[in-house]
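Walk me through this model, chain by chain and contact by contact. Where do the parts meet, and what do they meet with?

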Amino acid sequence: MSTIQILFFFLTALALFSAIMVLVSKNPVHSVLWLIVVFFAISGHYVLLNAQFLAIVNLIVYAGAIMVLFLFVIMLMNLNSEAEPRKHIWMKMAGVISGGCFLMVLVSLVRQATDMQQRTALMGSGNVGLIKNLGKALFSDYVVPFEISSVLFLSAMVGAIVIGKK
Amino acid sequence: MTLLAIDWGLLIEKLVLIAVVVFGSLGIALYTTFAERKVAAVLQDRPGPNRAGPFGLLQPFADGLKLIMKEEIIPNTSNRVLFILGPGLAMTAALMTCAVIPWSSHVEMFGRKIELQIADINIGILYIFGVVSMGVYGIMIGGWASNNKFSLMAALRGASQAISYELAMGLSLIAVLMLSGSLSLKTIVEEQMAQGGLWNIAYQPLGFLIFFVCALAECNRTPFDLPEAENELNFGYHQEYSSMKLGFYLFAEYVNMIMSSAVMACLFFGGYDVPFLDESTLAPNIAAIIGVAALLTKIVIFIFVFMWIRWTIPRFRYDQLMNLGWKTMIPLALVNMLITGAAILWKAGV
Amino acid sequence: MQALTNRAQAVNRKPMTIMEKLYLPSIAKGMGITFSHIFKKQPTIQYPEEKRPFSPVFRGLHVLNRDEEGRERCTACGLCAVACPAEAITMEAAERLPGEENLYREEKYAARYEINMLRCIFCGLCEEACPKDAIYLSETFAPANFARKGFIYGKDDLLIPDPTKDPAGFAAAKGEGQ
């Protein structure tokens with residue numbers, strides 16, 4: 001086992017464990033904090049794949065900004081386990097079944113996809129994820145989707161300001 | 001051992017470097033608390049602490065000892081785990097920044113060429129942003145876990161302030177990145193060092209100003225120290241903290257100051273560059289030592305300016321802070337970015 | 001409303017001009033002012049080593065005086081206790097026995113003489129009331145103490161050193177040594 005593999009298994013275990021803790025935690029603040037740990041583990045995976053830009057942007061945007069806002073809302077609403085409405089056992093069962101079905105569909109999709117079979121991830125090599133190559137790809141091959149998404153962001157921003165002005 | 005094929009020499013070299021940098025910055029932070037009191041005193045026509053040791057030089061140790069010996073109080077209704085995690089996170093986030101700062105070029109020792117930078121990753125600046133955005137959690141978690149209304153208010157203030165100013169900070173940096181064409185701090189510094197290359201401050205005075213103001217806000221320094229505004233929030237987010245946990249919060253602020261000074265020195269003031277001196281003519285080891293000294297001098301000057309501002313300007317009101325951040329800093333940074341981009345294009349002769 | 005003094009000024013509520021909104025010029029001005037203070041003389045006095053001279057009319061801790069031969073002047077007449085607005089002084093009188101002429105100047109003396117420094121307001125009325133010049137206020141103040149008991153000064157604390165046995169101490173207590 002190489003160092004990269006050891007790191008891979010460690011990060012995977014960390015990601016899975018904290019993802020489960022997100023669901024299991026009674027306290028919503030704890031859930032958010034575990035979710036941040038998940039993001040860290042995933043960023044670690046990105047680094048192993050030599051996609052440093054993606055890793056750090058994942059941290060800045062998700063862990064650094066979006067999760068802070070989540071925490072904000074949860075802290076201000078002062079949610080705790082007592083305030084949570086009691087759900088019927090059938091509701092929980094229904095949730096488990098539908099979630100399980102979705103997972104099965106996803107797994108079978110990935111298993112059957114032809115361009116996924118017989119392929120392994122490039123660990124610690126490949127330089128598509130480096131910022132220079134990523135920038136070139138975004139502004140040449142994918143320039144139309146990139147610009148469209150920027151228009152989307154702009155409209156979202158305008159929408160937020162319009163709502164805020166009311 | 002083929003299982004773990006690691007370059008042990010590199011590992012040891014990096015571990016030693018990490019230890020030196022971390023303990024070095026902690027030591028500087030220790031004396032920054034002393035310098036803060038001295039600077040405050042001198043600016044207010046008084047001598048400042050001068051009893052512990054010659055010129056009061058042992059004062060920080062006395063302060064540290066006091067903090068350690070004090071009774072540790074964890075409020076009954078607090079969330080114990082997070083209450084302890086908060087100051088640790090604040091300190092970790094503050095210290096992690098030092099990983100990408102190039103302290104000097106390289107030294108040649110034991111037949112190895114040792115880079116005086118813990119990690120030269122090609123996303124250096126983004127890494128700093130990532131770590132800075134983690135620093136908010138120390139404040140938020142600590143403030144929330146204290147289970148105190150004032151702490152929570154201060155934590156929310158701190159978080160929204162940090163997020164608001166991070167935007168302008170990032171935008172002001174983009175202009176620098178357009179000039180240098182790299183995200184690696186080492187490359188940025190080396191470009192400023194090159195013969196005939198001016199420091200970035202010459203090209204980016206406005207960008208530096210915006211970055212500096214945002215750095216003040218990110219470090220929670222006066223005039224933006226709203227998370228610890230005594231007159232309206234008692235003591236701010238660390239109100240329930242005592243003993244060394246409080247010390248960690250206070251200390252993290254000083255470590256943050258050192259790190260942001262180092263980043264500013266690297267980005268705008270040539271890092272370890274000494275003006276009017278061609279380092280390439282010197283022996284590498286001597287050049288490295290001069291470089292470290294130059295960077296430390298720049299850091300000390302920045303820290304003095306931080307303190308000078310603290311003891312001059314009163315605290316902003318919260319609405320003024322937000323207005324300044326969103327309505328002044330961000331548009332200014334955008335304009336700065338546009339002008340820089342236009343100038344680069346015009347110079348390239350498109 | 002009529003202003004009481006001519007120092008009152010109306011608050012300027014005009015909206016800020018662009019220069020003022022920039023904050024920077026005024027910040028630079030303020031920082032210049034604080035920087036100039038680095039070079040100013042510090043008025044600090046390093047207390048235990050360096051002491052500020054008291055004014056000659058300073059009223060500090062009481063001293064019970066002796067005459068030139070080292071005899072206590074106080075006759076326990078009680079005028080100081082009567083004059084004291086804070087009722088800080090108590091005393092007990094006793095008759096001088098034969099053979100004690102070198103200790104007490106008059107036939108009556110104060111066997112016990114206490115001043116409660118927590119009550120005393122250092123007004124100096126006792127000094128003025130005393131017909132024998134036996135009590136006066138010195139140029140020192142009461143040092144800190146851990147208990148209230150320590151602030152009730154008895155004769156041992158108040159009596160001036162004997163000029164025949166300890167002339168230096170006597171002179172210092174009278175404030176002549178400095």
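What follows goes from the chain contacts to the annotated spans, then to one helix pair and one annotated site.

This is a predicted model, in which local features need pLDDT of at least 70, side-chain atom pairs count only at pLDDT 80 or more, and totals for chains, interfaces and linings use all residues. Residues are numbered from 1 along each chain as its sequence is written, while chains are lettered from A and ligands numbered from 1 in the order in which they are written.

Start with the chains. Two pairs of chains touch, and the pair with the most contacts is A and B. Contact here means that the C-beta atoms of two residues, placed from the backbone, lie within 7 Å. Chains A and C do not touch. Their nearest C-alpha atoms are 23 Å apart.

Look at the contact between chains A and B. Chain B brings 21 residues and chain A brings 18. On the side of chain B, α4 (124–145) and α5 (149–180) each supply at least two residues. The most come from α4(B), with nine. Helices are DSSP runs of H or I with at least four residues, strands are runs of E with at least two, and both are numbered from the N terminus. This side of chain B holds 18 nonpolar residues, three polar and no charged. Ala, Val, Leu, Ile, Met, Phe, Trp, Tyr, Cys and Pro count as nonpolar; Asp, Glu, Lys and Arg count as charged; the others, Gly among them, count as polar.

Now turn to chains B and C. Each gives eleven residues to the contact. The side of chain C that touches chain B has five nonpolar residues, five polar and one charged.

Chain A is split into domain 1 (3–129) and domain 2 (130–166), with bounds from an automatic or database domain assignment. Five residues of domain 1 of chain A meet four of domain 2. On the domain 1 side, two are nonpolar, three are polar and none is charged.

Next, the annotated spans. In an unreviewed entry, UniProt places "transmembrane region" at residues 6–24, 31–49, 55–77, 89–110 and 142–163 of chain A. Such annotations may be inferred rather than shown by experiment; feature names are shortened, and positions follow the numbering used here. Residues 6–24 of chain A are 100% helix and 0% strand, with end C-alpha atoms 27 Å apart. Residues 31–49 of chain A are 95% helix and 0% strand, and their end C-alpha atoms also lie 27 Å apart. Chain B has the annotation too, from an unreviewed entry, at spans including 167–185 and 282–309. Residues 167–185 of chain B are 79% helix, and their ends lie 20 Å apart by C-alpha atoms. Residues 282–309 of chain B are 93% helix, with end C-alpha atoms 37 Å apart.

How do helices α10 and α11 of chain B pack? Helix α10 (residues 243–268) meets helix α11 (residues 284–310) at an angle of about 120 degrees, with axes 9 Å apart. The pair is therefore oblique. The contact residues include M257(B), I258(B) and S261(B) of α10(B), and L295(B), K298(B) and F302(B) of α11(B). Ten of the residues in this contact are nonpolar, one is polar and one is charged.

An unreviewed UniProt entry gives the annotation "binding site" to C84(C), C120(C), C123(C) and C126(C). They span 43 residues in sequence, yet no two of their C-alpha atoms are more than 10.5 Å apart, so they gather at one spot. C84(C) sits in the loop between α3 (79–83) and β2 (89–95) of chain C.

Conventions. Axes fitted to C-alpha atoms, helices over the stretch in contact; angles between N-to-C directions. Parallel < 35°, antiparallel > 145°, perpendicular 65-115°, else oblique.
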